[in-house]
Amino acid sequence: MRSMTELGNDLYTGKASFPFVGRRRSWFIVAIVLVVLSAVAPFLRGVEFSIEFTGGSQFLVSAPASTDQGLASSAVEEVVPGTTTKVTTISNRDIRVQTSQLDDAETHAVTSALAEAYDVDAEEITASFIGPTWGQDVTRQSLWGLAIFLALTFLILAIYFRTWKMSAAAIIGLLDVLIVTVGIYSLCGFEISPAAVIGFLTILAYSLYDTTVVFDKIRENTVEDAEVTGRTFGESVNLAVNQTLVRSINTSVVAALPVAAILFIGSFVLGAETLSDISLAIFVGIIVATYSTLFVAAPLYSLFRENEPAIRTADERVLAARAA
């Protein structure tokens, strides 16, 4: 069995090759299916947005005598019948209660009811309120941040690589990463919070880095004259992806390991909920970003360029010489 070093050498020289470009139709079908499923998943399961987006009242019960979440639901229902209530246990010792918007009198009454239900002093309960306007501002700023990020990415890549087609392929790859990551995130039942949004934007930056490295190697390979190399444009692109394959895998593993530690130890063991929001988004995004660069962005760029007259003519000469 070949070692990773031997495999890397074989991939770099072309002795071994994985058909990223040659079987791109299959990869595109898989990518489309994943995108459709990810886009439909939030509607089937329902997307939960955190209180920062929806607005409402929040109560934190510190060190209650019991962590029974049913006590909080019953206490709120007795004071404000019909209100929406979400109860969460934090670090296995505190209770967080989120409700729809309450006025001052209702907030005071719920605080007293929770204090009685959990056998704590009213001073041990922290009440806060987040208005819906603030949540709308967070949503709007998040969307603006995403739009500006994608626009600047397209412009900078177009200038750096001197072709808008490479920028278009990279942007489509980024959108693929975003949609699939959000879909998996929602299927896991996590709510969309500002921390999760930060995670989504962070993973787009990671995906952009990985795509840029691969595309830089593609540019290096495709600049060479096709008749000199004896390769078609698609073959040069495929070689570049194979030459960076081991690097992409190693980078993803190294990046995913500490995030996995944060996710599984910090979140599930220590109960740090904010860590779970951002770490799950980044953990899933790292895996999806690696797949998207290799199976979507790079083959898509090859598809965009292969029908250009100069490239098509060069490919025909290479194939004719190979047949002869």
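Q: What does A117 count as at its relative accessibility?
A: This is a predicted model, in which local features need pLDDT of at least 70, side-chain atom pairs count only at pLDDT 80 or more, and totals for chains, interfaces and linings use all residues. Residues are numbered from 1 along each chain as its sequence is written, and side-chain values use heavy atoms, with hydrogens and water left out. Buried means under 20% relative accessible area, exposed over 50%, and partly exposed in between (1.4 Å probe, protein chains only). The relative accessibility of A117 is 30%, so A117 counts as partly exposed.

Q: Which residues is A117 in contact with, leaving aside its neighbours within four places in sequence?
A: A117 is found in helix α5, residues 104-117; helices (H or I, at least four residues) and strands (E, at least two) are DSSP runs, numbered from the N terminus. From C-alpha to C-alpha, A117 is 9.9 Å from G70, which is 47 residues away in sequence. Contact means heavy atoms within 4.5 Å. With neighbours within four places in sequence set aside, the contacts of A117 are L71 and A75.

Q: Which strands stand at the edges of the sheet?
A: Two strands pair if DSSP finds at least two bridges between them. Four strands form an open, antiparallel sheet in the order β2-β3-β1-β4. Two of the strands have a single partner strand each, so one side of each is left without a neighbour in the sheet: β2 (85-90) and β4 (125-130).

Q: By how much are neighbouring strands of this sheet turned against each other on average?
A: Axes are lines fitted to C-alpha atoms, for helices over the stretch in contact, and angles run from 0 to 180 degrees between N-to-C directions. For neighbouring strands of this sheet, with direction ignored, the average turn is 15°.

Q: What is the bridge partner of V61 in β3?
A: Strand β1 (residues 56-61) pairs with strand β3 (residues 94-99) in the antiparallel sense, over five bridges. Within β3, S57 has T99 as its bridge partner. The partner of V61 in β3 is I95.

Q: What is the bridge partner of Q58 in β4?
A: β1 and β4 run antiparallel and are joined by six bridges. In a regular strand, side chains alternate between the two faces of the sheet. Q58 is bridged in β4 to S128.

Q: What angle does the direction of α5 make with that of β1?
A: Helix α4 (residues 69-79) lies across β2 and β3, and runs at about 150° to β2. α5 also packs on the sheet, where α5 touches β1, β3 and β4, and the angle between the directions of α5 and β1 is about 25°.

Q: How many residues of the lining of the largest pocket are nonpolar?
A: On a 1 Å grid over the protein atoms alone, a cavity is a set of points where a 1.4 Å probe fits but cannot get out, and a pocket is an open set with protein on both sides within 12 Å along at least five of seven lines; lining residues have an atom within 4 Å of a point. The largest pocket has 18 lining residues, with L143, L178, V182, I192 and F200 nearest its centre. Ala, Val, Leu, Ile, Met, Phe, Trp, Tyr, Cys and Pro count as nonpolar, Asp, Glu, Lys and Arg as charged, and the others, Gly among them, as polar. In this lining no residue is charged, four are polar, and the nonpolar ones number 14.

Q: How much space lies in the largest pocket?
A: The helices α2 (24-45), α6 (132-161), α7 (164-187) and α8 (194-223) each supply at least two residues of its lining. Grid points are joined across faces, edges and corners, and a volume is the space filled by probe spheres set on the points. For the largest pocket this space is about 500 Å³.

Q: Which residues does I179 touch, not counting residues up to four places away in sequence?
A: I179 is found in helix α7 and is partly exposed, with a relative accessible area of 33%. The C-alpha atoms of I179 and A39 are separated by 6.6 Å, although these residues are 140 residues apart along the chain. Residues up to four places away in sequence not counted, I179 touches V35, S38 and A39.

Q: What is the relative accessibility of R162?
A: R162 is found in the loop between α6 and α7. Although R162 is not a glycine, R162 has a positive phi of about 60°. R162 counts as exposed because its relative accessibility is 69%.
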